[in-house]
Amino acid sequence: MLASLRTHQIVLASRPTGEPVAANFDVRSSPLPALGNGDVLLKTRYLSIDICARGVMEADRPDGASIAPGDVLGSGAICEVLESRAQAFKPGDCVLAHVGWQSHAVVAGRDLKRKLHPKVAPVSTGLGVYGLYGYIAYCAINEIVRPRAGETVVVPSAAGPTGAAAAQMARQHGARVVGITSGANKVAWCQALGMDAVVDRLSADFAAELANACPQGVDGFLENGQRAVHRVVLPLMNDLGRVAICALPSDGEVAPGLGRSDHLPALLEQIFLKRLSVRGFTERDVLRVHPQQLVDPRFVADMGGWLREGRMQYREDIMHGLEQAPAALTRLLRGENFGKLLVALD
Ligand SMILES: NC(=O)c1ccc[n+]([C@@H]2O[C@H](COP(=O)([O-])OP(=O)(O)OC[C@H]3O[C@@H](n4cnc5c(N)ncnc54)[C@H](OP(=O)(O)O)[C@@H]3O)[C@@H](O)[C@H]2O)c1
C-alpha cells in the first residue's frame, strides 16, 4: 500500500441554524486503514454536492438520516482506484462510490456501484445526467409522467441536472415542454435545449406567465424545484394528468401571490376533481427496484446512447478543491448553481 496515506475530510463541526456557515465545518486529516482482501484504495476526483446534505445536518430526522458533529458529510463521488485487492478492479479504474467529502478512502470492492468509462461521456456525468439525477428524470418521465405526443409537460429547475434531462426526454416523446427556471442565462440555455416555452420563477407575474405558456393546460408535471410551484401548476392540470414528486419544496416556501395557509384542501380538490395520478419518487425507489444502484441496464444503455450521439445536453458547474465543498453547498441552496454542482479534487 502507498506508504502511510491519509485522507483529508470535511466534517460537521456544529449543526447550522438556517444557511450553513464556515464555522459549521471542520477540516480533518485521518489515517487510512490498511487494505484487506477485497478492498480498494480510492482517490476522489469529483464530489457531488446535493441539497440533501443540508437536511441531514438536522438532528433526529424521521428517516434516520441525520449525521452528528464529527461525522464526514456524505455524498456520492467519482473516484480513481489507486490500489486494488478486489478482483473486479484495477488501478486507474473510475468508479462511483459513496465516500462523502474526503480525498481518499478504503472501501470493500463489493460495495462499489458502478465503473465509469470516459469513452461514453466524461466520468463526472456519473454524478449527474448519467447518474442519480438523470436516472430520477428517466424514471419520472417513463414510469410516472408517461407523456404522449402533443401533451404539455411542466418541468421546474429546468436548467438543473434532473430538470434538463427530464425536459429533453419529454420532448423525445413528442410532448410540448414548459420549463421553469430563474435568470436570463438559465432561460436562454433552456430555450437552446429546445424547450417550447420557459418561464422565470422570479418574475412578478410568474403565475400568469406560466398559465399563458400552457394554453392547452398541463398533462404532466415533475415537481422538482425547491419552491412550491405545484400550487401554481396544479390548477392548470388537465383531467387525468400525472404528477411526479421528485423533490419536496422546503418548508415555508410559497408560490408568488399565495399565502402560507393550509393548502391541503385545495390540493386534494385538484387531485379529486381532475382524477390526477400523483406519485413520489425518491432515492429509496432506486435502491428498492435496483439494489445494484444505478446499474439499471435500460438507463445505462439509453442514456449512454443519447450522450454518445449528442442527443442529451447537460451542464456541469464545477468548483475546485475539497475545501470549497461547504461554499458549493451554499451556492446550491441559494439556487446560484447553473448545472450539476460538483467539486473537483485536482
Ligand atoms: N428524489 C430524489 O431521490 C432526489 C435526489 C436528489 C435530488 N433531488 C431533488 O431534485 C431537485 C433538483 O436537485 P439538484 O441538486 O439537481 O438541484 P439543481 O436543479 O441543480 O439546483 C436546485 C435548483 O432549485 C431551483 N430553485 C427553485 N426554487 C429555489 C429557491 N427558492 N431557492 C434556491 N433554489 C431554488 C434553482 O433552479 P432554477 O434557478 O432553475 O429555478 C436551483 O438551481 C432538488 O430539489 C433536490 O432536492 C431529489
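At 1.5 Å a residue, the twelve residues of α3 should span 16 Å, and the end C-alpha atoms of this helix lie 17 Å apart, which agrees. The model is predicted. Helix α3 covers residues 161-172. It is mostly covered, with ten of its twelve residues buried. Among the buried positions are Pro-161, Thr-162, Gly-163, Ala-166 and Met-169. Gly-174 follows α3 and has a positive phi, near 90°.

Strands of a sheet pair through backbone hydrogen bonds, either parallel or antiparallel. Here, β9 (residues 176-181) runs parallel to β10, and four bridges join the two. Gly-179 has Val-198 of β10 as its bridge partner.

Two loop residues have positive phi without being glycine. Arg-146 is found in the loop between α2 and β8. Its phi is about 40°, although the residue is not a glycine. Arg-146 is partly exposed, with a relative accessible area of 45%. Ser-157 is found in the loop between β8 and α3. Its phi is about 45°, and Ser-157 is not a glycine either. Ser-157 is partly exposed, with a relative accessible area of 31%.

The largest nonpolar core holds 44 residues. Met-169, Met-195, Leu-222, Met-303 and Met-312 touch the most other members. At least two residues of this core come from each of α2 (132-145), β8 (152-155), α3, α4 (184-192) and α9 (297-308). Helix α2 gives the most, with eleven residues. The core draws at least three residues from each of domain 1 (6-128 + 314-344) and domain 2 (132-283). Leu-222 illustrates the packing. Leaving out residues up to four places away in sequence, Leu-222 touches Ala-140, Ile-141, Val-154, Val-155, Pro-156, Thr-162, Ala-166, Ala-244 and Cys-246. Another core, of 33 residues, lies apart from the largest one. Its members include Phe-25, Val-56, Phe-89 and Val-107.

Val-120 sits in the loop between β7 (114-116) and α2. With a relative accessible area of 19%, Val-120 falls under the 20% cut-off and is therefore buried. Beyond its neighbours within four places in sequence, Val-120 is in contact with Tyr-130, Gly-304, Leu-307 and Arg-308. Val-120 and Glu-80 are 40 residues apart along the chain, and their C-alpha atoms are separated by 17 Å.

How values were computed:
Residues are numbered from 1 along each chain as its sequence is written. This is a predicted model: local features need pLDDT of at least 70, side-chain atom pairs count only at pLDDT 80 or more; totals for chains, interfaces and linings use all residues. Side-chain values use heavy atoms; hydrogens and water are left out. A nonpolar core is a set of buried Ala, Val, Leu, Ile, Met, Phe, Trp, Tyr and Cys residues joined through side-chain atoms within 4.5 Å. Buried means under 20% relative accessible area, exposed over 50%, partly exposed in between (1.4 Å probe, protein chains only). Domain bounds come from an automatic or database domain assignment. Contact means heavy atoms within 4.5 Å. Two strands pair if DSSP finds at least two bridges between them. The expected span of a helix is 1.5 Å times one less than its number of residues.
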